[in-house]
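Work through the exercises below with the sequence and the model open. Try each task before reading its solution.

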Amino acid sequence: MPPTPSRVELHPLTLSDQDEFCTLVQASSELHRPWMQLPATAQEFQAWMHRFDDGTNRGYLIRVRETGAAAGTVNINSIIRGRYQGASLGYAAFAPFAGHGYMTEGLASTLQHAFTDLRLHRLEANIQPANKASLAVVQRLGFRYEGVSPNYLYIDGAWRDHERWAITAPKPWTPDPSLPEV
Ligand SMILES: CC(C)(COP(=O)(O)OP(=O)(O)OC[C@H]1O[C@@H](n2cnc3c(N)ncnc32)[C@H](O)[C@@H]1OP(=O)(O)O)[C@@H](O)C(=O)NCCC(=O)NCCS
């Protein structure tokens, strides 16, 4: 049977998404707390957008194809080339659309984009052990558990332990020209 087409698509986040993004973040504060802090005001959003200036981080909205609604957001953060060719993912659903499988589909599209268009070789997701919804998503997507990083990220006022989950590009994989030949 052919695979079911995805119900969502990735759109690079732009300055014109500001009002929609901030409204959805404000509506999602209970869902995001204490795991994720996203810009909720115009000023915060504009400052946040600078992280995408030099290509080290990339930001996207996950939009439902049928309606165009933004179901969530994903970042491909800290892209490192050379012998690493990896990055780490940050993501959040927007509350009106959580629990429908849109994030799993949107992150599957993100993996596809990262491994083929960006030619990355490895993606990590670093997740607090109590964040069951996030752990469920990466397990559905085939990430493997690599261990615990103590005091890994400063979240909600303290350094938090995180579980490190990762996935590498399926074969055949076309390397980025920045990968050394030997
Ligand atoms: C982690 C997070 C992004 C997961 O979002 P989500 O909406 O639960 O993820 P999905 O869209 O993939 O939905 C999965 C749920 O939808 C259900 N579902 C409903 N219809 C579905 C469908 N057609 N296909 C797949 N799943 C479906 C699944 O069964 C699953 O529910 P379950 O976990 O109770 O079994 C969200 O909880 C969130 O934003 N948390 C706060 C921010 C955060 O923690 N970010 C990550 C930091 S590491």
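Which residues does UniProt list for "domain: N-acetyltransferase"? The unreviewed UniProt entry lists residues 8-170. UniProt positions follow the numbering used here, feature names are shortened, and annotations may be inferred rather than shown by experiment. Over residues 8-170 the chain is 28% helix and 37% strand, and the end C-alpha atoms are 22 Å apart. Helices (H or I, at least four residues) and strands (E, at least two) are DSSP runs, numbered from the N terminus.

Two ground rules apply. This is a predicted model: local features need pLDDT of at least 70, side-chain atom pairs count only at pLDDT 80 or more, and totals for chains, interfaces and linings use all residues. Residues are numbered from 1 along each chain as its sequence is written, and side-chain values use heavy atoms, with hydrogens and water left out.

**Exercise 1. Find the buried side of helix 5 (residues 132-140).**

Step 1. List the buried residues (under 20% relative accessible area, exposed being over 50% and partly exposed in between; 1.4 Å probe, protein chains only). They are Ser 134, Leu 135, Val 137 and Val 138.

Step 2. Check their directions. The four cover an arc of only 160° around the axis, so they sit on the same side of helix 5. The arc is that of the directions from the helix axis to the C-beta atoms. The general rule: an α-helix has 3.6 residues a turn, so residues three or four places apart point the same way.

Step 3. Turn to the opposite face. Lys 132, Ala 133 and Arg 140 are the exposed residues there.

Step 4. Name the packing partners. The buried residues pack against strand 4 (86-93), helix 4 (102-116), strand 5 (122-127) and strand 7 (158-168).

Step 5. Look past the helix end. Gly 142 follows helix 5, with a positive phi near 90°.

**Exercise 2. Repeat the analysis for helix 3 (residues 42-49).**

Step 1. Phe 45, Trp 48 and Met 49 are buried. They fall within an arc of 100° seen down the axis, so they line one face of helix 3.

Step 2. Identify the cover. It includes helix 1 (18-27) and strand 3. Contact means heavy atoms within 4.5 Å.

**Exercise 3. Describe the largest nonpolar core.**

Step 1. Count the members. The core has 31 residues, and those with the most contacts inside it are Ile 76, Leu 89, Tyr 91, Leu 111, Leu 120, Leu 123 and Phe 143.

Step 2. Trace the suppliers. Strand 2 (58-64), strand 3 (70-80), strand 4, helix 4, strand 5, helix 5 and strand 7 each give at least two residues. Helix 4 provides the largest share, six residues.

Step 3. Zoom in on Leu 89. Its contacts include Val 74, Ile 76, Leu 111, Leu 123 and Phe 143, with residues up to four places away in sequence not counted.

Step 4. Find the other core. A second, separate core of 15 residues includes Cys 22, Ala 40, Trp 48 and Phe 94.

**Exercise 4. Which side chains make polar contacts with that of Asn 126?**

Step 1. Asn 126 is in strand 5. At a relative accessible area of 16%, Asn 126 is buried.

Step 2. Find the polar contacts (pairs of N or O atoms within 3.5 Å; within protein, one must be able to donate a hydrogen and the other to accept it, and residues adjacent in sequence count only if both atoms are side-chain atoms). The side chain of Glu 124 is one partner, at 3.1 Å. The side chain of Tyr 152 is another, at 3.3 Å.

Key
Core = buried A, V, L, I, M, F, W, Y, C linked by side-chain atoms within 4.5 Å.
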